Amino acid sequence: MHARFPALAASVLLLLSCSSAKAPPIERDYALTRITDHVYVIHGPNENPNPTNQAFSNNPGFVLVHGGVVVIDPGSSVQVGEMVLRKIAAVTKDPIIAVFNTHIHGDHWLGNQAIKAAYPKAVIYAHPKMMEAIKAGEGDNWIKMMNAATQGASRGTKAVAPDMGLDHDEALKLYGTSFHIYHNDRAHTDNDIMIEVVEEGVIFLGDNVVNKRIAANFPEHGNIQGQIAAIDLALKAKAMHFIPGHGTSGGREIALTQQMFLKSLRASVKKYYDQGLSDFEMKDKVMRDLGTYKDYYDFNNLGRVINAAYLQIETESF
Ligand SMILES: [Zn+2]
């Protein structure tokens, strides 16, 4: 046994000396799904970032425009961003000209770093409130949270902020393709944008819509009523293909199901609120009321969403 100690010590030293180096590339191969002739999505595992998925958990997408590529949400780390670059390179040699970030949560945009490194001229767009949050330090917070959640699998990632702000109802034409932006004040966060690719009939929903999963709605930034209203905006667009922030893509039913979940959650919490129950006291009852969703990823963490709904209802009744 004793003879093994020097080797162990050496490997610990090696680990320590590597702790500032970049973590290895994404190991698993993820399928590239062709949504339309010009729109592709890499569906990440419907989980939270962890050591096994090496932080990858969102749905990065890309659009082939005339002579270029536009990326939506390049993922949770420099490693995921590099994987997205490899997937794009398998389809086209055209340069990435633009990136959209749907919101501040790091699993969606920390891959910006890889895109900018490969294509320094690419313009990264996001809601101005996301840019403000990064200036206030949210990017660095997300880098730390991601490293902790993945035990270092996102090591080497830096927060590369968006370049340009976009707000509700803005329309952009990028190399011949029209992009229409939707934003509804407070929804999943206070800085969500949804991106319609008009000619393709596709809408990227960010985390205003997730599929078979509980999306955290943080009371300090998000708002359930606002999220329901944001989904109405997405449903009014003429899109046929709905791309959620997490989970499988589909049609309008994905957005309608998310809306139904939020409405049921709110109605259940309101019912017990009116009976005078605290959020802690109503938790089991609400979970029973929402039993149809019990197979959703993170259902056991519904408590924090109940808490958010409770606080919102409390605020509204003052
Ligand atoms: Zn999110």
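Predicted model: local features only at pLDDT ≥ 70, side-chain atom pairs only at ≥ 80, totals over all residues.
**Stop 1: helix α8**

Select residues 252-274, which make up helix α8. Now colour the buried residues of α8, among them I254, F261, L262, L265, V269 and Y272.

D274 counts as exposed, at 52% relative accessibility, while K270 is partly exposed, with a relative accessible area of 34%. Before you leave, click on G276, which follows α8 and has a positive phi, near 90 degrees.

**Stop 2: the zinc ion**

Select the zinc ion and show the side chains of H103, H105, H188 and D207. These are its protein donors, through NE2 of H103, ND1 of H105, NE2 of H188 and OD of D207, and they lie 2.2 to 2.3 Å from the ion. What are the angles among the four donor atoms? They run from 82 to 166 degrees, and the site is irregular. Along the chain, the donors follow the spacing H-x1-H-x82-H-x18-D. H103 is in the loop between β5 (96-100) and α3 (106-109), and D207 is in the loop between β11 (202-204) and α7, so this pair ties together parts that are 104 residues apart in sequence. Buried or exposed, these two, H103 and D207? Both are buried.

**Stop 3: aromatic rings**

Next, look for ring pairs; the count comes to eight aromatic pairs. Zoom in on Y40 and F62, a stacked pair with 5.0 Å from centre to centre and 10 degrees between the planes. Y40 is in strand β2 (residues 39-42) and F62 is in strand β3 (residues 61-65), so to speak distant parts of the chain, 22 residues apart. Y40 counts as buried at 9% relative accessibility, and F62 counts as buried at 0%.

For another arrangement, pick Y293 and Y296. Their ring centres are 5.2 Å apart and their planes are at 75 degrees, so this pair is edge-to-face. Y293 is buried at 9% relative accessibility, and Y296 is buried at 14%. Then select F100, Y125 and F179, which ring pairs link into a cluster.

**Stop 4**

The whole structure holds eight salt bridges. Select E82 and K22, whose closest N and O atoms are 2.6 Å apart in their salt bridge. E82 belongs to helix α2 (residues 78-89) and K22 to the loop between α1 (5-18) and β1 (32-34), 60 residues apart. Both ends are partly exposed: E82 has a relative accessible area of 24%, and K22 has 44%.

Finish with K129 and D185, a salt bridge with its closest N and O atoms 3.9 Å apart.

Technical notes: Residues numbered from 1 in each chain as written. Heavy atoms only, no water. Phe/Tyr/Trp six-rings, centres within 6.5 Å; stacked < 30°, edge-to-face > 60°. Helix = DSSP H or I, 4+ residues; strand = E, 2+ residues; numbered from the N terminus. Buried < 20%, exposed > 50% of the residue type's maximum accessible area, 1.4 Å probe, protein only. Expected span 1.5 Å × (residues − 1). Donors = N, O, S within 2.8 Å, 3.2 Å for Na, K, Ca; no water. Tetrahedral: all angles 85-135°; square planar, octahedral: opposite > 155°, others 65-115°. Salt bridge = Lys/Arg side-chain N within 4 Å of Asp/Glu carboxyl O.
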